[in-house]
Amino acid sequence: MALAMTTLALYGVGGAALATSLVSLRRRFELSQAKHRSLAGHARIARRLAAFMPFYEYDEARFFCSDGAPREIAQRRRAGFERLSTLYKTRFAETIRRTAEAEASISDLQFTDAYRVPFQYSRYVRQHLPAAAMLQSSAGVTVTDLDGNRFYDVTGSYGVNLLGYDFYKGSIERGASRVRELGPVLGPYHPLIVENVEMLKEISGLDEVSFHMSGTEAVMQAVRLARYHTARSHLVRFCGAYHGWWGDVQPGIGNPLPARETYTLRDMSEEALRVIRTRHDIACVLVNPLQALHPNASAPSDSSLLDSGRRAHFDKDAYATWLKALRAACTERNIVLIFDEVFVGFRLAKGGAQEYFGVRADLVTYGKTLGGGLPIGVVCGRRDLMKRFRDDRPADICFARGTFNSHPYVMGAMNEFLRHLQTPEGHAVYQDLDGIWNERARLLNQRLSENALPVEVVNMSSIWTVCYKEPSRYNWMLQYYLRAEGLALSWIGTGRLIFSLDYTAADFAAVADRFVAAAAAMQRDGWWWRSPTLTNKSIKRSVLKEMIARRLLPEHKH
Ligand SMILES: Cc1ncc(COP(=O)(O)O)c(C=O)c1O
């Protein structure tokens, strides 16, 4: 009898263990189903492959015909490249000289300079089209380099420049004069902070505000608060989304440590919703609404333009529907929904992505333009989520400080920015905003297509990316032709063009003329040579072959 009972109990324990492991197996399966198939969706594999990827580069001869183009085309490319190189070295001489002097001691500059184009071409390009990464002034929608050349600015200063550089110069100055009496005193606040908080509460529709020094820190704090209040460990981010450079939100290449408490799920997918609805360890879901322009893809940069595979397409309704489904899943499971509006906040609508897509988040992070031209990161949130201590457990706190938080000068400039948004002029900025920028994109695309140029722009309001319509290994060259035509791009090249909203129709027409001229010159110089055997697939395959050959035969010549 006792034996039978023991056997039964053992069966019971065994059955329970089996059931538990089946459930856990199912969860693992669901998680892998919810990952995007790309490397961006598989952070660990991407990191391993990155460690395996060998360096090699093209010598001068191969540089001009790495796609198998015939001699005549290679010669045309070489002539165009040399012409561009001479133009750079004469027109940008002083700017290049000063940049080169600084480069050896500025690690950030070395990094950006190395990653402007795919690595196989990088050294040769740097040698002949050197970086000119210094400016002396800005005015209107233009910036001027150390040689006195004026460029139309389409860098948008990483998105900070929403209202035009002149506006921010004014807001920094006026803001500074309002807090000058207090100066750089930290700890106690300048009373201006109260007005900023009130305006931010109104804009975000949320109860409380905390101030930080960068967007990265705001995201760190939002995630920390979510973990504290839910007592759960994991954050969900969507494939390709950028949320700053802090470890937990950057689980793939670029972070030396694996991010063990991060799930990277497929954007706009039912499988991702299933994971969110069934896992018990998810504290928060982070959304960067900019992904609506290129769901599941990383920030587009010319250094990854191996072929013409870059795609973008913005479907506002589809993304709004997705956000609503996400909102419902988070509400159902008491998961904190965080909108990271560091980039898009104030750019899409006064009330940001929440207003633009018609979905409310529990916590929202802002940054960039909100500082009125000075460094900033802000979290707005529901009162219960923003609280950093527990009344009944005094030692259980959620710590967050920062020496420069709420710096009086930043509060002053922010106040100027926020108050401007309340004025009729501020309201006018958002009138038919999408209509204006969609029409500008359409017109430029029409001209590009009329001129049979294999390039198009895709936009989400004033945020644009350049896509390439024919297979090519040389699309990244366009950034150099654009610069020669007087357009200032950031180091990611044609991956992202960001317009400030003070661009007039005439300013934009000038940009469009230059864009078309640059693309036409590039085409004349033979970089977009076509061949029936040249496809995006064949390009990828040939690069892969080169890498494997290099790995197996380190001395192999290319
Ligand atoms: C969506 C988003 N979150 C966070 C950050 C990080 O902000 P910061 O560079 O101020 O640290 C950025 C910066 O580009 C961003 O675009």
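1. Y158 counts as partly exposed because 16 C-beta neighbours lie inside 10 Å; a residue is buried if 20 or more other C-beta atoms lie within 10 Å of its own, exposed if 12 or fewer, and partly exposed in between, with C-beta atoms placed from the backbone. Y158 sits in the loop between β3 (150-153) and α8 (165-179). Its phi is near 60°, a positive value in a residue other than glycine. Most residues other than glycine have a negative phi. Helices (H or I, at least four residues) and strands (E, at least two) are DSSP runs, numbered from the N terminus.

2. This is a predicted model, in which local features need pLDDT of at least 70, side-chain atom pairs count only at pLDDT 80 or more, and totals for chains, interfaces and linings use all residues. Residues are numbered from 1 along each chain as its sequence is written.

3. K368 also has a positive phi, near 45°, and is a residue other than glycine. K368 lies in the loop between β9 (363-367) and β10 (377-381). K368 is buried, because 24 other C-beta atoms lie within 10 Å.

4. I397 belongs to strand β12 (residues 393-397). I397 counts as exposed, since it has 12 C-beta neighbours inside 10 Å. Leaving out residues up to four places away in sequence, I397 touches R388 and F389; two residues are in contact if their C-beta atoms, placed from the backbone, lie within 7 Å. I397 and K387 are 10 residues apart in sequence, and their C-alpha atoms are 9.0 Å apart in space.

5. The domain assignment gives domain 1 (60-143 + 432-509 + 528-542) and domain 2 (192-295 + 315-390 + 398-428); such bounds come from an automatic or database domain assignment. The contact takes 6 residues from domain 1 and 5 residues from domain 2. On the side of domain 1 that touches domain 2, β13 and β14 each supply at least two residues. That side of domain 1 divides into 3 nonpolar, 3 polar and no charged residues. Here Ala, Val, Leu, Ile, Met, Phe, Trp, Tyr, Cys and Pro count as nonpolar, Asp, Glu, Lys and Arg as charged, and the others, Gly among them, as polar. Taken over C-alpha atoms, the centres of domain 1 and domain 2 are separated by 32 Å.

6. Which residues have the most contacts inside the largest nonpolar core? They are C284, V285, I338, L363 and V378, in a core of 133 residues. A nonpolar core is a set of buried Ala, Val, Leu, Ile, Met, Phe, Trp, Tyr and Cys residues joined through C-beta atoms within 7 Å. Helix α10 gives the most to this core, with 8 residues, and the core draws at least three residues from each of domain 1 and domain 2. Among the residues that I338 touches, not counting those up to four places away in sequence, are A222, A226, C284, V285 and L363.

7. The ligand is surrounded by 14 residues, and the closest are S214, G215, T216, G244 and F343; a residue is near a molecule if its C-beta atom, placed from the backbone, lies within 6 Å of it. Helix α10 (residues 215-230) gives the most to this shell, with 3 residues. By class, the shell has 5 nonpolar, 8 polar and 1 charged residues.

8. Strand β1 (residues 135-139) and strand β2 (residues 142-145) pair in the antiparallel sense over 4 bridges; two strands pair if DSSP finds at least two bridges between them. S138 has V143 in β2 as its bridge partner. The hairpin of β1 and β2 has 2 residues between the strands, and G140 takes a positive phi near 55° there.

9. Strand β5 (residues 234-238) pairs with β6 in the parallel sense over 4 bridges, and R237 stands opposite T264 in β6. Strand β6 (residues 262-265) is covered on both faces: T262 and T264 on one side, and Y263 and L265 on the other, are all buried.

10. An open sheet of 3 strands has the order β13-β14-β16, with antiparallel pairing. Its edge strands are β13 (455-460) and β16 (497-498), each of which pairs on one side only. Strand β14 (residues 463-468) is joined to β16 by 2 bridges, and the bridge partner of W464 in β16 is L497.
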